[in-house]
Structures are given as structure tokens and as C-alpha cells.
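Biologist: Let us go through the labels on this structure. I will ask what stands behind each one.

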Amino acid sequence: MRDLVEYATRDGVGVITLNNPPVNALGAGVRQGVADLVERARADGGVQAIVLTGAGRCFCGGADIREFGQPPIPPSLPEVIDIIESCPKPVVAALHGVAYGGGFELPLGCHFRIAAPSARVALPEVTLGLIPGAGGTQRLPRLIGVEAAVGVILSGKPVAATSALSMGIVDEIVDGDLVDAAIAFALACADKEGPPTRVRDLEVAEPEPGFFEDGRKKIARRARGLIAPWHCIESIENTTKLPFDEGLKKERALFLECRESEQSKGQRHIFFAEREAAKIPDVPRDTPALAIQSVAVIGCGTMGAGIAMCVADAGIPVRILETDADVLEKGLARITKSCEGSVKRGRLSEADKDACLGLIQGVTDIADIKDADIVIEAVFEDLDLKKEIFAKLDTVCRPGAILATNTSTLDVNEIAAVTNRAEQVIGTHFFSPADIMRLVEIVRGAETSAQTIATVMAMARRLKKVGVLVGTCDGFVGNRMYHHYTRQAHFLLEEGALPSQVDKVIYDFGFAMGPFAVGDVAGLDVSWRIRQRRAETRPADERYSPIADRLCEMGRFGQKTRAGWYAYEDGSRAPIADAVVEDVILGVSKELGFDRRAIDNDEIQERCLYTLINEGAKILDEGLALRSSDIDVIWIYGYGFPAHRGGPMFYADQVGLKTVYEALCRLAEVHGDLFVPSPLLERLALEAKGFKDL
Ligand code: COA
């Protein structure tokens, strides 16, 4: 059997190499291997120093997240790090690629750290609902100061090698062979007098008075309802109050509390769900993807411009086709402005902005996009218009080019049918703003080929998006569920609630905004048009709330008209409850014969979320999502579902499907068919199973 950790001696240096592909995660076997080999090198009189390095693409991706939730297996990571740190021979960590989480805490326990230019260190635990639990919160502040450590630990973001050097995290950056350099470095350290310096012994510089209080204020909104960010701050603050060993003990206790929390389980679920979404049973990983060297985007509106920006940002040349020269010019100006804004906010360097803009070219003639490897159509949501464009693209574009439609609701099969290349037609549903939102629903038509899917999934990854494959139906997965969620919110208004109450319940659940505030940002006219299109096919006896239509008829389209579900003052995005809206709501309640009542917050939460979950179950039953965790990924990355709740389907499992089922049955008795549990939900609930068991 292959050794998870390898050992060799070279020039009197013991070289310990983590070898646990793909990311050298620190599972039990690796921990034991490191502990044993450090002891061996320590005991070997012929060894003067030790180098710790990683084989393959990185130093180490951290603790094995799959072990969390399992009974612990000794030695623990803090124990292994203690063995390293107390070794009287100098231990040098040689870092390349990522050194994340425990994979960074391990080098912090070493006496020196050198790095290849590719190295990136991070403590991303907070993104998994955790705090660094192997000394990270105690050693990093001692090494780089409390202020800088708070930045690294609370953001969870990677620090590149050059910054790590200037912050004092690494001692040297080396070009050339990393292990050779580490051996030379270790021998030079071994020559020095006395035991090597341990990070635990460094003094902590007192931060500015009020530093931690300010830090807590800064994260108050972002970290509302969360445990981990607050525990991170508390543990870092302990470095200024407690001796190292006590701080370490406290850190472990805080870590264990986080690890056992529902929040961390939800966030860990999303970590794996995101990676699982890339796996498509009938499109194996080795399906050859086409090379995408040039992209064309059709339409230079908000969506088209946003998509073009992320394509260019990924270094791919992109042509935007807009037949109206004026519209094109305005669109390109918007792109320039948006990139300049990113420079101002520090998200983009001046050089990267220039490179990005240099890759975007506006064209007005369809013949200019004939050589593109993929065309992404992002025009107005109108089936006839899209069909017309696809028929034309099919004749103009080179054979083999992929034709993608950025529709959010329309039937990809109908669009594919007007071409002679249905196997190369696919949906790419980006979310607005496309350069920010990470989700792309990749919509497979009946004839879309495996190669087309593999190519578009790979392109999504290159654009730093999370691509989730879905089937074709009205609204696909996300919007179809969203429709049911918002519809419930509207019914609640008819029965007695007001927008601010519903929004507050959803905000308190953890969403960034409630459905009405979101509507005002997105523009109420968009969903109005969709409702008008659906009106023809809506069953006459289906419950329908006219409140949103009434607001649109009054020209209240949301923030862009400074009036929607709320009123907005000039230049402000802060929603203000509006008596006009309340009048409309009360008027509709009366017309429809509702006796308005006080609706409690639990009812609002249950009705909005359980209908969402019920629709998700129907989607699974119809095979439109591959797995329940794909639905969770869609909702986290496309709709702002709180990550610490793990997505709607994971949340339902946590609540218990029996509870969800019984609540839906109760609601169906009062409100009728809209709440009838889906057969899948019913079956799972009666079998005492969860979506996770599918
Ligand atoms: N524990 C267990 N499995 C891990 C892991 C970890 N810490 N880090 C990565 N993996 C697994 C992934 O699940 C994936 O498995 P799969 O191929 O079966 O889907 C595989 O390793 C490759 O990971 P992936 O993320 O696809 O590769 P990448 O090269 O894009 O990114 C990392 C590598 C390490 C940067 C990224 O995986 C990561 O951020 N990992 C988590 C780091 C972390 O938070 N560590 C602290 C844990 S407390």
C-alpha cells in the first residue's frame, strides 16, 4: 500500500512528504504518519533538521473535512503540531500551491516556512462554519500581529506568497527546486546556536484600544445569526489575555462547539455539494470538452454586458453583437464604467482592467461572430425573438460551434428545434449581476450532447462560476421554486401581512433580503411580463394574487422608479414602508373577501419555505435536478439562501421531512391544493428518510 506520508534523508536532513492525493488532506493516517516520522527524525543522530513538504499539486488542503462528524481518531492535529513544534531540531515547512486550514496551521507549528511563488496560505475555516482548531488563532496573531491575523482569519481568503512574505508569514520565497532550497535552508538553521524559535513563544503586540469592539461592530451585519465569526474574534482576542496553552485549550473548545453546530454541517454540506454538482453520471469526467478560445455574446443589455465581462475577466476574447450601434455604444460604456468601479473598490488592478477591456470588442454585424467557439445569446426574454436569432446563428456560425441561450424560463428544446445542431444547443442561465453572481444553471435540452455539456461545464469553471446541470421546464430549477416562494409571500399579504413583516422574517432566517426587497431590486416589470405570458395557460381556478400587477399598473417597478413594494428616497436604496402600497394591499384583501388577520412569523416562514421545498421535491421527482444537493447549490449561489442553513433541501432534512410533510398537510387543509405535499416528499416522510437518502 502507498504510504500517505513518505520519508527520506538527504544531506543530514529528514524530508517528510505528505502524499495523500488529491490535496494531501490531513486524515488520521496522515496525522499519524507525520507524528511518527518527526519522532523518527528527532531520534536519528544523523539528522540535523527536518523539512516538511507536500507531493503533487499542493502542500496541503487542510483537515480531512469528511472526518468531521465521525468519532475522532488520534492523534489530533493539535497533538501532531505540538510534536513538531517541540522538536529540538529545526523543522522547515516547504510550501507550494495551497496551504489551507490545518494545512496552514501545520507550517505555523514549524520553526520556519519557505514558499514557492505558487504558494497560497489561508485559514478558510470560517467559510465552513468553523474556527481554526489547531492553533491557527493562537499562532498567527503571534506571528503577524493581531490586526493582520483578524483580517486573514475572518475573511478566510488566500494570501499569495509575496504578501505572505511581506506580512512575515513565510521567511523566504524560492525559485527553482523547493525541496532542495528547503534542505539548504534547514541546514543553515541547524548550524545556529540554541533551540529554534517557536511561534508559541512570540510576544503578542497589544492592538489599538477598542480594536476588538470595532471588529465586532464591523462584522455585525454579515455575521448575524452565525457562530463561527464571533468565535474567531473571541479566540484571537484570547491571545491578548491568556497564556498560549490556555488560549489553545479555549480555541479547541470553541472549535468543537462550531464543528458540532448545525451551521457548520450546513456549510460543509455545501462545500461537498458544490463539488458533487460537477459530476454528471452520463457525462464522465474524461468526456473531451471542446477548447473555448473565443466567445460571442448577443445583446449588450445588463445581462449580455455582465456575461461578456466575466468571459473577458477569465482571459477569453469576447465579441458582443448588438445590431443597434447606439445601444452597443451605451452597453460598452457601461462595461467600462463597471470595470472602473471595480478598480476603485480594489477588486481589479488597473492593468487587469485594461486587459479585460482589451478582450471585449463590440460588433454590429452577425457575420463578425461566425468564428466564435460558443455564442451566448442574452437578448430580451421572448421565445419568437430567440428562435429567430438561433435560426440565423445556425446558418452563420461555423459547424461545431455551441449555441447557448441565456434564458431564465423558456424551453430550450423549442429553441434548439429551429437549428440543425440541436446537440450543440444548450441553456446557460446566468444570474444578475452576471459578473458577481456565481451560479449558472446549465440547461440540457433533449438532444444536447455530452460533449456540449462537458464543454459548457468546463467553461463555467473557467469563468469561476458554479455550473449546475438542470433539465428543461418553465423557470428551470431556481426560478420555478422561486415562483412558488414569492407567490406564497403575496398570498400572505392578501391575508393580513405587510411586505416589511414578510421581508423581516426572511431576513432573520438569514437571507440577505426578503422577497419584496428583492423584487424592488430586480425590477417588478420583469416578473410582470412573465406573469402576462403565463396568464394564457394559468388554470382559471388557480389562486392568483393581483397585488403585484396593480403596483406595476401604477408604474411602480421597484428601485429604478423609486417606488415598488417600498418607496425610496432619491439616491437611496433603503426601503421605506409606503402607505400607498398598504392601501393597494388592503383594497385587494377586501375585493377578494379576506378577513385580514394577524399572521405570526412562524406561519410566514413555514409557508414561504415549505412551498419552496415542496416544489424542489417535485423537481427531483421529475428528474430535472440530478440530486437534492444540486438544488441546495442553486439556492445558495443564485438566490442568497443562507449558506449556514445548507440550502433548502438540506434545511428540510434538518427540520425533518415528517415535520415538513405534516405542516404542508395542515396548510393544504386550510388553503387547498397549493400545499399538497409532493408524492416524493410524502414517501420519504412516511419512510422516515431525508432527501439525503435518495
Ligand atoms: N478534506 C476532504 N476533502 C477535500 C478537502 C479537505 N480539506 N479539500 C479538498 N477535498 C476534496 C474535494 O472534495 C474534491 O473531491 P472530489 O474530487 O471527490 O470532488 C477534491 O479534494 C479536489 O478538490 P477541489 O476543490 O475540486 O480541487 P481544487 O484544486 O479546485 O481546490 C482546494 C483545492 C484545497 C483549494 C479546495 O478543495 C479547498 O478549498 N478545500 C478546502 C480547504 C479548507 O477549507 N480546509 C480547511 C478544512 S477545516
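Modeller: Start with helix 5 (residues 146-155), where Val146, Ala149, Val150, Val152, Ile153 and Leu154 are buried. This is a predicted model: local features need pLDDT of at least 70, side-chain atom pairs count only at pLDDT 80 or more, and totals for chains, interfaces and linings use all residues. Residues are numbered from 1 along each chain as its sequence is written, and side-chain values use heavy atoms, with hydrogens and water left out.

Biologist: What makes a run a helix here?

Modeller: Helices are DSSP runs of H or I with at least four residues; strands are runs of E with at least two, and both are numbered from the N terminus.

Biologist: Against what do the buried residues of helix 5 pack?

Modeller: They pack against helix 4 (136-144), strand 8 (159-160), helix 6 (161-167), helix 8 (211-219) and helix 9 (228-238). Contact means heavy atoms within 4.5 Å. Gly156 follows helix 5, with a positive phi near 70 degrees.

Biologist: Why is Tyr610 called buried?

Modeller: Buried means under 20% relative accessible area, exposed over 50%, partly exposed in between (1.4 Å probe, protein chains only). Tyr610 has 6%, so Tyr610 is buried. Tyr610 sits in helix 24 (residues 601-621). Leaving out residues up to four places away in sequence, Tyr610 touches Gln605, Val655, Thr659, Val660, Ala663 and Leu664.

Biologist: And Glu615, buried or exposed?

Modeller: Glu615 has a relative accessible area of 5%, so Glu615 is buried. Glu615 is also in helix 24.

Biologist: How do you know that Asp282 and Arg444 form a salt bridge?

Modeller: A salt bridge needs a side-chain nitrogen of Lys or Arg within 4 Å of a carboxyl oxygen of Asp or Glu. The closest N and O atoms of Asp282 and Arg444 are 2.6 Å apart, which makes the pair a salt bridge. Asp282 lies in the loop between helix 11 (262-276) and strand 10 (295-298) and Arg444 in strand 16 (residues 439-444), so the pair ties together parts 162 residues apart in sequence.

Biologist: What makes Lys692 and Asp693 a salt bridge?

Modeller: Their N to O distance is 3.8 Å. The cut-off is 4 Å, so the pair counts.

Biologist: Why does Lys692 count as exposed?

Modeller: Lys692 has a relative accessible area of 62%, so Lys692 is exposed. Asp693, at 43%, counts as partly exposed.
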